[in-house]
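Thanks for coming. I have one structure to go through today, and I will keep to what can be read from the model itself.

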Amino acid sequence: MTKLERRNLFKGLAFLSPWLIGFAVFTLLPIILSFYFSLCDYSLLQTPVYRGAENYRTLATDPVFWQSMRVTAKFALLALPSGMILALILALLLNVKIRGQSIYRTIIFLPSLVPAVALAMIWLWLYNPKLGLINLGLRHLGVSSPPGWLSDPVWSLPALVLMSLWGVGNTVIIYLAGLQDVPADLYEAASLDGAGTLAKIWHVTIPSISPVIFFNLIIAIIGTVQQFTLPFIMTPSGQPARATYFYTMYLYDNAFSYLKMGQGSAMAWIQLLIILALTGIAFWTSKRWVYYQGK
Amino acid sequence: MSMAAGEKISPSEDRTKKAWLAHLSLIIICLLMFVPFLWMVSTSFKTLDKTMEYPPRWWPKPFAWRNYVDVFFSEKVNLLLWTRNTLIIEVLSVSGTVISSAIVAYGFAKIQFKGRGVLFVIMLSTMMIPFPVTMVPLFTIFRWLGDHTGTQWLGTFKPLWVPTWFGQAFSIFLLRQFFMTIPDELSEAARIDGCSEMGIFLRVVLPLAKPALVVVALFAFMGTWNDFLGPLIYLQRPEQFTLALGLQNFQSQQGGTDWNYLMTASVLVILPVLTLFFLAQKTFIEGIATTGIKG
Amino acid sequence: MRSTAFAPVRIIYVGVSPLKVIVAVSLAIAALLLLALGPRADEDLPKDRVVIDYWEKWTGNEELGIRDAVDDFNRTVGAEKHIYVRYVSTSTINLKTLMATAAGVPPDVAGLWDNNLVQFASLDALEPLDDLATQHGIDESTYMPVYWKGCHWNGHLYSLISTPATIAMFYNTKIFHENADRLRAVGLDPDRAPRSIDELDAYAKVLDDIGPDGHISRAGYLPLEPGWYITDTFMWFGGSIWDQKTEKFTLTDPKVVNAFKWVQSYSRRLGKDAMNEFRGGVSGGATNWASPQNPFLTSSVVMIQQGPWMANHILNYNPAMDGLKSANEENLQEPLEQRRKRIQWAAAPFPSAVPGVNDACYAPFDTLVIPKGCKHIKEAFEFIAFINRQDVMEKLCNAHSKNSPLRKVSADFLEHHKNPYIDVFEKLAASPNAQSVPQIPIMPEVGDELNNAAQSIALLQAQPEDALREAQVRLQAKYDDFMQKRRARNQ
């Protein structure tokens, strides 16, 4: 190692030191332990007993495990693209200099602040097929038999996707912060070249905020695969008939209801590998479309 | 109309059309997004027997102003106490997150050292393990700390904020992306001037990343505000409850929940964070004016 | 990417509106005031007493009753014997107790759900209470047999009870009388409740109000409304899902299959879509239950299967059904006969499918257990024994509008209870046909599988035999696996 490299290594590690310490104690240690648990029979009430890859084998032949994977995959395929696109469009709209900008932004950010308990009650009421506002509105628009939403095995998942879109404000905020950093002279140059609004968005805005898009993509992948709170409060136990039984719900049930922490931990590690694979793909493609201005 | 620095507003046809289009789309979207919240506020002013009347009524009749007084001074709901507890944890954890994550993110973004990529990927993957799984070993670690550091950890606020002083993966990731959009030429120039690495960090990079720092602080604040799982397992006395945990306990099993009071309490809980967001927006409007200089 | 070199950088601040400054400053001041002067989380524990931790599941309105009992203890017996109960309530009590026990710092008393009792006991996580109970004079003669048996497992007593319940039927007497002629026309008596499942079906058919297009305006009975005990229906059909001797599940037993077939018969007769639309869907129950829109309260359903707390509900959400203008007008000192004449409903045992049997019921209960590894076992039991003292227990059960688990009940309890028909629930608790939760170590999984089967059966997605057979195979495998691991561990 050259002297410069050594100095940089020292500087790098120095800056990383708070994280390295905390990481070792509060993150690495629990994760290593959770991997060990995944190889054990552990009920939380008794000490863990090592049993090799048995948990993983049991899961492979568990139909409920595969059902929960299917449910999560379906949700991700619906929620991920629609969420990312909606958030980006909203951020671009909210970035246009118009009056009342702060009010619009606040309204869009509002949903992410509502406490989960209240959220459940409001949306259960809204989705009520007989008395709720959504079907009331649909009936007014002429739909004669609107769907049963949360009680319908076909419509319960789309209902949850809609709810997740409602909470898109978090992603919008991050896009907004990124949009502030787009150099204005790039826009001017593009205008001078005769570019219209859409062209400016495609050629200036999006490449400039590509690091932010990348960030939101990773976060969204992790978020949708780990989706738990939403179905937990809206459709407990994945009703009806496990049509909304998300992966993390089954994980939670295994660990804390059925007292099979070993299986729960195994599920967590499988989930980790899946997320790693997906983000790996995202990283690999990022070289093509993400531009870091600093370089 | 407020002017964002740098963009000249030319009274051209294009600009006005764009503004009106933006207004229209935003109004429609915001109305849709606002409906559930409107319903929440409406219910917060209803008497219990009118909470679920059909057909649904927007303007409560009778209009129960008293709800807000009742909830604020209620025995079951100790809003002031819970808010104070939450505030204490907020101050400690937000400052911890911002400071430590910024330092670590700088290390990942601006210092080239061997093994940086590997460590970054490891850090990212820590976000991919769901909390319920690491919760159990973490709990045991805190108990061990209590036995060996002379002060109790369980049953106090410590497990809720101390780990944040060692960096937080989401914030580190976000700040790293932002730091990487800051041109290296700036840090180079400062380095040539004899600035230390820490100096560059404090005087060059940090001021330029203000929007990102505000976002990180906001998210850290919201995360703690809404966190209920952490307080649930680490706190042991009702006097210590935070807002999220307290609200969670509003529901009843067979005794029937006071939905109207729950909505009132939720509205009260949302208001501070909402106001905070409304105020923090000005940092988004702040931009960086550049005189385009070719380099 | 193009290189950009920014040298002088001008940062222009937008003019900050004075309003925002005022709001920001006031928020900051409010926060500082709250931090400095607000209510503190300090605890003033009495120094001369042993402090025991009691973790319960009740929140909201039900918490008030148990808090009173805790305060009573701390003032009286606790003061005498130098014990202080520190009480914490949270709806996810299981999770909290699990975490604490896993880390070796369990609470001294925990209020677990009854379907977790055998689970925890079989994992060696509970202190057996046999000796402590005998020392305090609590034995088989103290409790109703169904509850006493329910608290035992593998020959040991593992819990006592905080509040119990029995599940029966509530029916709308006003609607019965309005339809007296139509009921009599098919040989049914409008002055009493149905006494068998077949009678129940007959009453239901007469009392249904269904339009020509199948749209349901009123249902005589609907198993899914509220459907809380659908998976326990087999208890009214004389069946059992578990054979302790052979350690095998008996979900495919004809009696159990018949129970689910009966549930499905309502979906078939009324039509799945009409039924869903009428109920407001599976989730409708979650919001409708705790409101005046509860179908029983709106007279949309004439008979329902519920626990004794329903009386409280009727009073709070539809006092008109009790013949009152508001809940405050309720007078518990009024003679029972008068109260019963005034109200428009009555309670009776839920009918069974077994000929000659009319006192079958499901008897759930809320437990008080002492986790293993807690620090103050004797003191913890002092508190549990206090709750089980007749006067304390009656006060608590009345607050929750439930029956008492004790064999001895005072006349006052029966005559001035919040539920004017509490004697029905008390008699059911004493019945030999009462059953509590099946004592299977993997009961939470059994419950979830049965629920899943029940939903697909009721939604006509699967036939009862098939759904139950599938569930049985899965559950048997899980049970055998559990026992095998237990044996391996104990070697």
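Predicted model: local features only at pLDDT ≥ 70, side-chain atom pairs only at ≥ 80, totals over all residues.

Let me begin with chains A and B. Their contact takes 82 residues from chain A and 85 residues from chain B. On the chain A side, helix H1, residues 3-38, supplies the largest share, 20 residues. Sorted by class, that side of chain A has 57 nonpolar, 18 polar and 7 charged residues.

A few words on chain B as a whole. Chain B has 14 helices and 1 strand. Of its 295 residues, 48% are buried. If we take the contacts in chain B between residues at least 6 apart in sequence, 73% of them join residues at least 24 apart.

Now the core. The largest nonpolar core has 300 residues, and the members that touch the most others are A:Val172, A:Tyr175, B:Leu175 and C:Phe383. Which helix gives the largest share of this core? That is helix H3 of chain B, residues 79-110, with 12 residues. Chain C takes part through both of its domains: domain 1 (50-166 + 364-435) and domain 2 (168-362) each give residues to the core, so the core lies between them.

Leaving aside residues up to four places away in sequence, C:Phe383 touches C:Ile52, C:Tyr54, C:Phe73, C:Ile83, C:Val85 and C:Val109. C:Phe383 is also on the list of buried residues of helix H16 of chain C, along with C:Glu379, C:Ala380, C:Phe381, C:Glu382, C:Ile384, C:Ala385, C:Phe386 and C:Ile387.

Strand E2 of chain C, residues 50-56, pairs with E3(C) in the parallel sense over 7 bridges. Within that pairing, C:Asp53 stands opposite C:Arg86 in E3(C).

The contact takes 22 residues from domain 1 of chain C and 22 residues from domain 2 of chain C. On the domain 1 side of that contact, helix H19 (422-430) and strand E17 (434-435) of chain C each supply at least two residues. H19(C) gives the most to that side, with 5 residues. By class, the residues of the domain 1 side divide into 9 nonpolar, 9 polar and 4 charged.

Last, the backbone details. Where are the cis peptide bonds I want to point out? One joins B:Lys61 and B:Pro62, with omega about 10°. B:Pro62 is in the loop between helix H1 (13-44) and helix H2 (66-72) of chain B. Another runs from C:Glu225 to C:Pro226, with omega near 0°. C:Pro226 lies in the loop between strand E10 (216-221) and strand E11 (242-243) of chain C.

There are also positive phi values in residues other than glycine. Phi of C:Asp124 is near 65°, and C:Asp124 sits in the loop between helix H5 (117-122) and helix H6 (130-135) of chain C. C:Asp124 has 13 C-beta neighbours inside 10 Å, so it counts as partly exposed. C:Leu460 has a positive phi of about 60° and is found in the loop between helix H20 (443-458) and helix H21 (464-490) of chain C. With 14 C-beta neighbours inside 10 Å, C:Leu460 counts as partly exposed.

That is what I have.

How values were computed
Residues numbered from 1 in each chain as written. Chains lettered and ligands numbered in written order. Core = buried A, V, L, I, M, F, W, Y, C linked by C-beta atoms within 7 Å. Buried ≥ 20, exposed ≤ 12 C-beta atoms within 10 Å, placed from the backbone. Helix = DSSP H or I, 4+ residues; strand = E, 2+ residues; numbered from the N terminus. Domains from an automatic or database assignment. Contact = placed C-beta atoms within 7 Å. Pairing = 2+ DSSP bridges. Nonpolar A, V, L, I, M, F, W, Y, C, P; charged D, E, K, R; others polar.
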